[in-house]
Each structure stands twice: as C-alpha cells, then as structure tokens.
Amino acid sequence: MAKPYRVPDLLAKPWWTREGKGDEPEAPHLELLQRFNRVLDDSSHRIQLDRFHRAVFHDQQYQGLPGVDNEQVNRARATVDSYASRLTDNVIGKVISTLAAKFARQRPKPNLVTDGADWELQDAARQQDQILWSEFQRCRAYERQRLSDIHLMITGTGAIQVCRTSDGFELEVAPSWELFVDPWEGRYGDTRTMYRYRRVQTDVLLRDFKEHKIEIENSGLQFTQLGEEGPDRFNRDTTAVVEAWRIGPNGDDGRHVIAVERCTLLNEEWEHPRLPQAFCRWQIAPEGFWGIGLVQAMLAQQLELNQTLSWRQQAI
C-alpha cells in the first residue's frame, strides 16, 4: 500500500551539485524531492488558482483540492448536480474555443533569409526550408500548438517542450499545472531552474530505465499539495516522476535530473543556455514567472452573468 510521500525538511546540498546515479550516496533524488516539495508549498496559491480557472472554463463548480474517500464519485455527482440546478451560458468557454480555432489557422514557420546571396546559396536555403517544414509536420507542431494555446488562455501560460529521442527529437505539450518554478527565483519573469511533475506510464519507464525496475515498481511518490493523498488515488499503471533542469551560471554547465521516489533515473549535464520548454503568455504579469489568462481577465463578467441567470431561473 503506497503512503503519501513526506520529504524530510533537511538542509542539504543543491540537487544540481550531485553527480551520482541510481541510489548512490551522491545521487540527487532526495535533495531534488526535498527542494521540489518546498517549491510546491510556495506555489499553493497558483495550484489552487489554476484548478479554479480550469473549472470555470469547463463550466463546473469549483470543488477545491481532491479528498481521499470516494473523491471521483463525489466530484462527478457535484458536476452533474451543478448542470441540472442552474441555467448557464459559458461565455469564457465559447470565447476561448473561438480564439483557439482562429489561432489554429495560422501556421508560422521559420524561414532562411538569403537576400543578396548567389543562386547556389538560395537553392540550399530552399532545401533547408523544405526540411524544416517536414520536421514541423513530423513533430505535429501545429497540433501541439493548438492545445498549448488553449492552456495559455485558461491559465495564462502555454508551453511546448522539446524531448530528445533515439531518432532525434519530438515535441510535446507541457501543461502549466505540471511545471513549477521557485516563486522567488522567477519573480522577475525568468528562471534558471524548472521542475516538471507528471505521471508516466510504468511500462514506458521500465523500457527506458530497466536497470531500476525494482525502484520504479515500488515507487509510491505522492504530494499532498497536489491532492494526491490516499492509496487508491492512482492505479499502478502510472508512476510519479519529477524532472528538473538547472541552467549553469555560464550557460553550459547545468544539470538535468529525472527522479522517482527511491532513486535517480537520469543525472546528466545540461549544456544548453536555455530550458527545453518554449513559453507563451496571454498577458505578462507585473511580477512572477507565470502569465495572466483570459479566464482571469473575463472572470468578473462571467460571474455577473451567472448571477443574473440564476436570478432569472429563480423568478420563473
């Protein structure tokens, strides 16, 4: 039976200074989980706000963080009751869906500019343009962008992450509610450290990290800040994974770590001057890393409309 994870509050070396792997003494998974736990504590307001904005977009009554017993049944019943008991007009959802469809028609692509170059260089540039276009199609970049656009309008920030594969690279959507930044480090809109928390298919982890089979299968990592307390919260087909990137002070001596509860799956140098996520914000906030979404901007009008419709319903 998996128990909710509690990271000991200890002062330790930063995880990006550790160079061990697996469960070695110099493996950084304990320091990483401890630092991530603190980041979650400092991000509690954003976690609640993102959940509330997603509930508004889906026209559901906000239920707060999940509980333990019969949580899914209670939320489903509350959602059905909310639809049956009130007349709604989800203006925010309609606006976001319309804008997402409009944005999807735009397919920007980088082009190689060769003004004034000879014919041979221009021909090479045209061939490179065709390669870029084929790579965008292979990675389904525009499909990923459409979902990212919906995220940025709901929560204020959309992100697409570049993932390394054996054949090159792939693109995937990184929802903002899976990404975390130390609020103090990201206070001025930029950061050198990024955390991503998600649940990955266990068989995929076993395929990529077969040498840690026992640790992966026995991992019971849960964070109460995300409403994951309770042994029945998730099935055993997925495993919680924390992935973190740290850009070095010189831009080429950073660290990339993937960890589960009991070991470090990957610990390698990060030699890039930027993070693997490309971010887009609906509206830049005056302070902090995360943007302001369309849901937050239109929330007052939506609540006023809901109240008006409720009064009309009661008067009938």
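1. Which strand gives the largest share of the lining of the largest pocket? In this predicted model, the answer is strand 1, residues 157–165, with eight residues of the lining. The lining as a whole takes in 48 residues, and the volume of this largest pocket is about 1400 Å³. Nearest the centre of the pocket lie Gln161, Val162, Cys163, Arg164 and Glu170. Sorted by class, 27 of the lining residues are nonpolar, nine are polar and twelve are charged.

2. On the overall fold, the protein chain has nine helices and eight strands. The chain runs to 316 residues, and 42% of them count as buried. Taking contacts between residues at least 6 apart in sequence, 64% join residues that are at least 24 apart.

3. Helix 4 (residues 91–104) packs with helix 9 (residues 294–315) at an angle of about 145°, and the two axes are 9 Å apart. From helix 4 the contact uses Val91, Ile92, Val95, Ile96 and Leu99, and from helix 9 it uses Leu294, Val295, Met298, Leu299, Gln302 and Leu305. By class, ten residues of this contact are nonpolar, one is polar and none is charged.

4. How many disulfides does the model contain? The count is zero. Cysteine 280 has 36% relative accessibility and counts as partly exposed.

5. Arginine 140 deserves a look at its backbone. Its phi is near 55°, a positive value in a residue other than glycine. Arginine 140 sits in the loop between helix 5 (119–138) and helix 6 (141–155). The relative accessible area of arginine 140 is 41%, so this residue is partly exposed, falling between the 20% and 50% limits.

6. Lysine 109 is in the loop that lies between helix 4 and helix 5. Is lysine 109 buried or partly exposed? With a relative accessible area of 22%, lysine 109 is partly exposed, given that buried means under 20%. Beyond its neighbours within four places in sequence, lysine 109 is in contact with Asp129, Trp133 and Tyr142. Lysine 109 and leucine 132 are 23 residues apart in sequence, while their C-alpha atoms are 8.0 Å apart in space.

7. Alanine 285 is in the loop between strand 8 (277–281) and helix 9. A relative accessible area of 16% makes alanine 285 buried. Not counting residues up to four places away in sequence, alanine 285 touches Trp290 and Ile292. In sequence, alanine 285 and glycine 156 are 129 residues apart; in space, the C-alpha to C-alpha distance is 9.1 Å.

8. Glycine 20 belongs to the segment before helix 1 (29–42). Which residues does glycine 20 contact, leaving aside its neighbours within four places in sequence? They are Glu26, Ala27, Pro28, Thr264 and Asn267. Glycine 20 is buried, with 3% relative accessibility. Glycine 20 and leucine 266 are 246 residues apart in sequence, and their C-alpha atoms are 9.3 Å apart in space.

How values were computed. Residues are numbered from 1 along each chain as its sequence is written. This is a predicted model: local features need pLDDT of at least 70, side-chain atom pairs count only at pLDDT 80 or more; totals for chains, interfaces and linings use all residues. Side-chain values use heavy atoms; hydrogens and water are left out. On a 1 Å grid over the protein atoms alone, a cavity is a set of points where a 1.4 Å probe fits but cannot get out, and a pocket is an open set with protein on both sides within 12 Å along at least five of seven lines; lining residues have an atom within 4 Å of a point. Grid points are joined across faces, edges and corners, and a volume is the space filled by probe spheres set on the points. Helices (H or I, at least four residues) and strands (E, at least two) are DSSP runs, numbered from the N terminus. Ala, Val, Leu, Ile, Met, Phe, Trp, Tyr, Cys and Pro count as nonpolar, Asp, Glu, Lys and Arg as charged, and the others, Gly among them, as polar. A disulfide is a pair of cysteine sulfur atoms within 2.5 Å. Buried means under 20% relative accessible area, exposed over 50%, partly exposed in between (1.4 Å probe, protein chains only). Axes are lines fitted to C-alpha atoms, for helices over the stretch in contact, and angles run from 0 to 180 degrees between N-to-C directions. Contact means heavy atoms within 4.5 Å.
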